[in-house]
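Please look over the sequence and the model shown here before reading on. The paragraphs below go through it part by part.

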Amino acid sequence: MPQFKENSLNWMRKIDDIGKILCKLISISLGLNSHYFDECIYDSWSHMLILHFPKTDRATIGIHSHTDYGFLVIASQDDTGGL
């Protein structure tokens, strides 16, 4: 997959843009200035983790209980569910 890295980076940039919009919307919904979280996300870095779990009948496949780190986590999943 020669385009995998480029496509992944483009996807990450788009998700990062969505995160910035969500931060503005969250601040507005809390009755704060729309730029309230700007200092928290200024010069921030994004981290993308791509996980794939093959379809199985076992209920134990996946990642263990954990705490996400960072300011905002945007998760995506398919129709199988599990989040």
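This is a predicted model: local features need pLDDT of at least 70, side-chain atom pairs count only at pLDDT 80 or more; totals for chains, interfaces and linings use all residues.

Residues are numbered from 1 along each chain as its sequence is written, and side-chain values use heavy atoms, with hydrogens and water left out.

The protein has two helices and zero strands. Both kinds of element are DSSP runs numbered from the N terminus: helices are H or I with at least four residues, strands are E with at least two. Of the 83 residues, 7% are buried. Here buried means under 20% relative accessible area, exposed means over 50%, and partly exposed is what lies in between, with a 1.4 Å probe and protein chains only. The protein exposes about 7,800 Å², and 57% of that area comes from carbon and sulfur atoms. Accessible areas are computed by the Shrake-Rupley method with a 1.4 Å probe, and for residues only the protein chains shown count as cover. Contact means heavy atoms within 4.5 Å. Among contacts between residues at least 6 apart in sequence, 50% join residues at least 24 apart.

Helix H1 covers residues 4-29. After H1 comes glycine 31, whose phi is positive, near 80°.

Which residues of H1 are buried? They are Ser8, Gly19, Cys23 and Ser27. Helix H2 (38-41) is included in what covers them. An α-helix has 3.6 residues a turn, so residues three or four places apart point the same way.

Serine 8 counts as buried because its relative accessibility is 13%. A polar atom of its side chain lies 2.8 Å from the backbone oxygen of phenylalanine 4. Leaving aside neighbours within four places in sequence, serine 8 is in contact with Met48 and Ile50.

Serine 27, also found in helix H1, is buried because its relative accessibility is 0%. With neighbours within four places in sequence again left aside, serine 27 is in contact with Leu32, Asn33, Ser34, Tyr36 and Phe37.

How many disulfides does the structure hold? It holds zero, a disulfide being a pair of cysteine sulfur atoms within 2.5 Å. The reason lies in a distance: the sulfur of cysteine 23 has its closest cysteine sulfur in cysteine 40, 7.9 Å away, so the two are too far apart for a bond. Their surroundings can be set side by side. Cysteine 23 counts as buried at 5% relative accessibility, whereas cysteine 40 is partly exposed, with a relative accessible area of 49%.

The aromatic residues come next. Rings of Phe, Tyr and Trp (its six-membered ring) pair if their centres lie within 6.5 Å; planes under 30 degrees apart count as stacked, over 60 as edge-to-face and the rest as tilted. By this rule the count comes to one aromatic pair. Tyrosine 36 and phenylalanine 37 form this pair, which is edge-to-face, with 5.1 Å from centre to centre and 85° between the planes. Phenylalanine 37 is buried, at 14% relative accessible area.

The segment after H2 holds phenylalanine 71, leucine 72 and isoleucine 63. Phenylalanine 71 is partly exposed, with a relative accessible area of 45%. Where does phenylalanine 71 make contact, leaving aside neighbours within four places in sequence? The residues in question are Cys23, Phe37, Cys40 and Ile41.

Leaving aside neighbours within four places in sequence, leucine 72 is in contact with Gly19, Leu22 and Cys23. Leucine 72 and lysine 20 are 52 residues apart in sequence and 9.5 Å apart in space, C-alpha to C-alpha.

Isoleucine 63, under the same exclusion of neighbours within four places, is in contact with Leu51 and Phe53. From isoleucine 63 to phenylalanine 53, 10 residues away in sequence, the C-alpha to C-alpha distance is 9.5 Å.

Methods. A polar contact is a pair of N or O atoms within 3.5 Å; within protein, one must be able to donate a hydrogen and the other to accept it, and residues adjacent in sequence count only if both atoms are side-chain atoms.
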